[in-house]
Amino acid sequence: LSYCSSKPTSSLDEAWKLFKNLHNKEYNSINDEQLRRTIWEENVRMIQKHNFESDLGIHTFTMKVNQFADLTNEEFVKQMNQLKMNPEKKSNKKFHIPSNINLPKSVDWRTKGYVTPVKNQEQCGSCWAFSTTGTLEGQIAKKTQKLVALSEQQLVDCSTDYGNNGCCGGLMDNSYKYLEDNHGIDTNASYPYEAIDGKCRFNAKTVAADVTVN
């Protein structure tokens, strides 16, 4: 990573210490910490500017510092976005809204009980697994009226034969095909998330639902 480190802002010393303690940050060297401090300070200033503009009504949301504040945007995208798109899969299908249906302008699926609490993929490029479980959790809740968190770790560990690469990326379509052939996905409680590539430990006795792809 090429980045120009500047002299730290002394007024942010305590905030930097708090950030490191809160998120258990440890760096490999003094130079590495200086680099992370520089990036963090730039993100802090960006957040402060955005929130000031939000108070003026320019934006409709506010921002705050989180565990990713010592990463550049490019680093964050590389680390967290490992969805592997299939360039060969194209569809000419279009969705047409039936003329006899009045659709609402917006829907908050959280209020309907179809969305589990926010999850954290951590230092693992498994966004594709969370996308897969998120869609299935909502469909299962709609059908059964029971919201159950599903196992992203099962997808990370067990679907490599279907073209997924664990923490190095994957595709939802591959995941659906694996789950259909596997006859189900475990609950997150029985197969919890670890944010690392591991050995497949699928247990048919703790399956939350079977999956059929039409």
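Modeller: Trp16 and Phe19 are three residues apart in helix 1, which means that about one helical turn separates them. Helices (H or I, at least four residues) and strands (E, at least two) are DSSP runs, numbered from the N terminus. The model is a predicted one, in which local features need pLDDT of at least 70 and side-chain atom pairs count only at pLDDT 80 or more, while totals for chains, interfaces and linings use all residues. Residues are numbered from 1 along each chain as its sequence is written, and side-chain values use heavy atoms, with hydrogens and water left out.

Trp16 and Phe19 are both buried, where buried means under 20% relative accessible area, exposed means over 50%, and partly exposed lies in between (1.4 Å probe, protein chains only). Two rings of Phe, Tyr or Trp (its six-membered ring) pair if their centres lie within 6.5 Å; planes under 30 degrees apart count as stacked, over 60 as edge-to-face and the rest as tilted. By this rule there are eight aromatic pairs. Trp16 and Phe19 form a stacked one, at 5.6 Å centre to centre and with 25° between the planes. Trp16 also stacks with Tyr27, at 5.9 Å centre to centre and with 10° between the planes. Trp16 belongs to helix 1 and Tyr27 to the loop between helix 1 and helix 2, so this pair ties together parts that are 11 residues apart in sequence. Both Trp16 and Tyr27 are buried. Ring pairs link Trp16, Phe19, Tyr27 and Trp40 into a cluster.

Side chains of opposite charge can pair when their charged atoms come close. A salt bridge is a side-chain nitrogen of Lys or Arg within 4 Å of a carboxyl oxygen of Asp or Glu; a search of the whole structure finds 15 of them. In one, Arg37 joins Asp13, the closest N and O atoms being 2.8 Å apart. Arg37 lies in helix 2 and Asp13 in helix 1 (residues 13–22), so the bridge ties together parts that are 24 residues apart in sequence. Arg37 counts as buried at 8% relative accessibility, whereas Asp13 is partly exposed, with a relative accessible area of 32%. A network of salt bridges links Asp13, Arg37, Glu41 and Arg45.

Contact means heavy atoms within 4.5 Å; not counting residues up to four places away in sequence, His50 touches His59, Phe61, Thr62 and Met63.

The domain assignment, whose bounds come from an automatic or database source, gives domain 1 (10–71) and domain 2 (111–209). The centres of domain 1 and domain 2, taken over C-alpha atoms, are separated by 32 Å.

For comparison, one may turn to helix 4. Its buried residues include Trp128, Phe130, Leu136 and Ile140. Among the elements covering the buried residues of helix 4 are helix 5 (152–158) and helix 6 (172–182). A nonpolar core is a set of buried Ala, Val, Leu, Ile, Met, Phe, Trp, Tyr and Cys residues joined through side-chain atoms within 4.5 Å. In the largest such core, of 15 residues, Leu136, Leu155 and Leu179 touch the most other members. Helix 4, helix 5 and helix 6 each supply at least two residues of this core, and helix 4 gives the most to it, with four residues. Apart from this core lies another, of seven residues, among them Leu12, Trp16, Phe19 and Val44. The account thus returns to Trp16 and Phe19, the stacked pair.
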